[in-house]
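I opened the model to look up its fold, its surface and its charged side chains. My entries follow in the order in which I made them.

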Amino acid sequence: MDAEGFAGPSEKTAKPLTKEELAAYKAAQERTGVVYISRIPPGMRPTKVRHLMSAYGEIGRVYLQPEDPKRSFLRRKFTSTKKVHFTEGWVEFKEKKVARSVAEMLNAQPIGGKKGTRWRDDIWTMKYLPKFKWNMLTEQIAHEAAVHAAKLRVELSQSRREQQEYLKNVELARVLDKRAERKRKAGDGEIDTPAVVPSKPLKKPKVSEEAEGKAARPPRKEKERRPRPGPTEAATQDMSHVLGSIF
């Protein structure tokens with residue numbers, strides 16, 4: 001239970017109980033009755049609830065559930081009220097009959113009080129819980145707290161895994177970017193400054209002995225070609241030859 005929402009009885013037992021006192025305590029617990037209040041007016045604290053309920057009978061323990069931390073943070077951020085607010089509460093009466101009658105009488109009724117009181121016009125919303133004891137409330141609250149803590153642990157471990165995965169991906173992306181940058185720089189260097197290849201002496205093509213001999217011989221002189229006689233000259237030569245044979 002949250003200590004801020006708890007308001008116990010004024011007397012405190014510091015000595016260990018004897019068998020008779022323990023039996024009397026169990027009998028007294030069997031006679032108690034618990035009233036559930038589904039709505040606590042804003043700003044009302046456990047001491048104020050005890051003061052208001054004590055006017056109708058003897059009160060045992062009072063517990064008010066604080067509002068959700070997220071809701072409280074948003075309320076404090078966007079409103080001017082900075083005090084703790086409570087959402088629901090439980091009031092233990094020493095007698096079951098008194099608890100039942102108080103719940104039936106005050107349910108859906110205004111809180112009342114002096115004129116100008118802050119909660120004068122607020123409405124009680126309460127119900128008597130038969131066969132419900134205070135130890136059930138403590139067990140329920142402890143169970144809810146354990147479930148909430150387990151949920152927080154799971155969310156925290158999941159968030160830690162996601163963070164580690166994210167950092168791993170960031171590191172991998174950085175390594176890949178560096179590798180790509182080195183490759184790009186290496187490619188730019190090859191284009192700007194090409195590698196110098198040493199020139200090798202050209203080999204002479206192989207030539208056969210026959211080709212070498214032909215190359216050593218002096219070139220032949222071409223015969224002078226006489227121009228062929230035309231048709232008129234040929235006819236004149238034939239006529240002179242025929243006349244020469246006759247005469």
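I took accessible areas from the Shrake-Rupley method with a 1.4 Å probe; for residues, only the protein chains shown count as cover. The accessible surface of the chain comes to about 20600 Å², and carbon and sulfur atoms hold 57% of that area. I called a residue buried under 20% relative accessible area, exposed over 50%, and partly exposed in between (1.4 Å probe, protein chains only). By that cut-off, 20% of the 247 residues are buried.

**Ground rules.** I noted that this is a predicted model, in which local features need pLDDT of at least 70 and side-chain atom pairs count only at pLDDT 80 or more, while totals for chains, interfaces and linings use all residues. Residues are numbered from 1 along each chain as its sequence is written, and side-chain values use heavy atoms, with hydrogens and water left out.

**Fold.** I read helices (H or I, at least four residues) and strands (E, at least two) as DSSP runs, numbered from the N terminus. The chain has seven helices and five strands. Along the sequence I wrote down the order β-α-β-α-β-α-β-α-β-α-α-α. I then looked at contacts (heavy atoms within 4.5 Å). Of those in the chain between residues at least 6 apart in sequence, 74% join residues at least 24 apart.

**Nonpolar patch.** I found Leu17, Leu22 and Tyr25 forming a nonpolar surface patch of about 270 Å². The patch rule takes residues with over 30% relative accessible area and no salt bridge, joining like charges within 9 Å and nonpolar side chains (Val, Leu, Ile, Met, Phe, Trp, Tyr) within 5 Å. Leucine 22 sits in helix α1 (residues 19-31) and is partly exposed at 38% relative accessible area.

**Salt bridges.** Side chains of opposite charge can pair when their charged atoms come close. I counted a salt bridge where a side-chain nitrogen of Lys or Arg is within 4 Å of a carboxyl oxygen of Asp or Glu. The count is six.

I looked at arginine 31 and glutamate 95, whose side chains form a salt bridge at 4.0 Å, N to O. Arginine 31 belongs to helix α1 and glutamate 95 to the loop between β4 (86-93) and α4 (96-106), so the pair ties together parts 64 residues apart in sequence. Arginine 31 is partly exposed at 43%, and glutamate 95 is partly exposed at 39%.

Arginine 75 and glutamate 67 form another salt bridge, with the closest N and O atoms 2.6 Å apart. Both residues are buried.

In helix α5, arginine 184 and glutamate 181 are three residues apart, about one helical turn. Their side chains form a salt bridge at 2.4 Å, N to O. Arginine 184 is partly exposed at 44%, as is glutamate 181 at 32%.

**Lysine 133.** Lysine 133 lies in the loop between β5 (126-129) and α5 (134-192).

I also checked the backbone. A polar atom of the lysine 133 side chain is 3.0 Å from the backbone oxygen of glutamate 30, and one lies 3.3 Å from the backbone oxygen of glutamine 29. Beyond its neighbours within four places in sequence, lysine 133 is in contact with Gln29, Glu30, Arg31, Thr32, Val34 and Lys96.

Technical notes
Polar contact = N/O pair within 3.5 Å; in protein donor to acceptor, adjacent residues only side chain to side chain.
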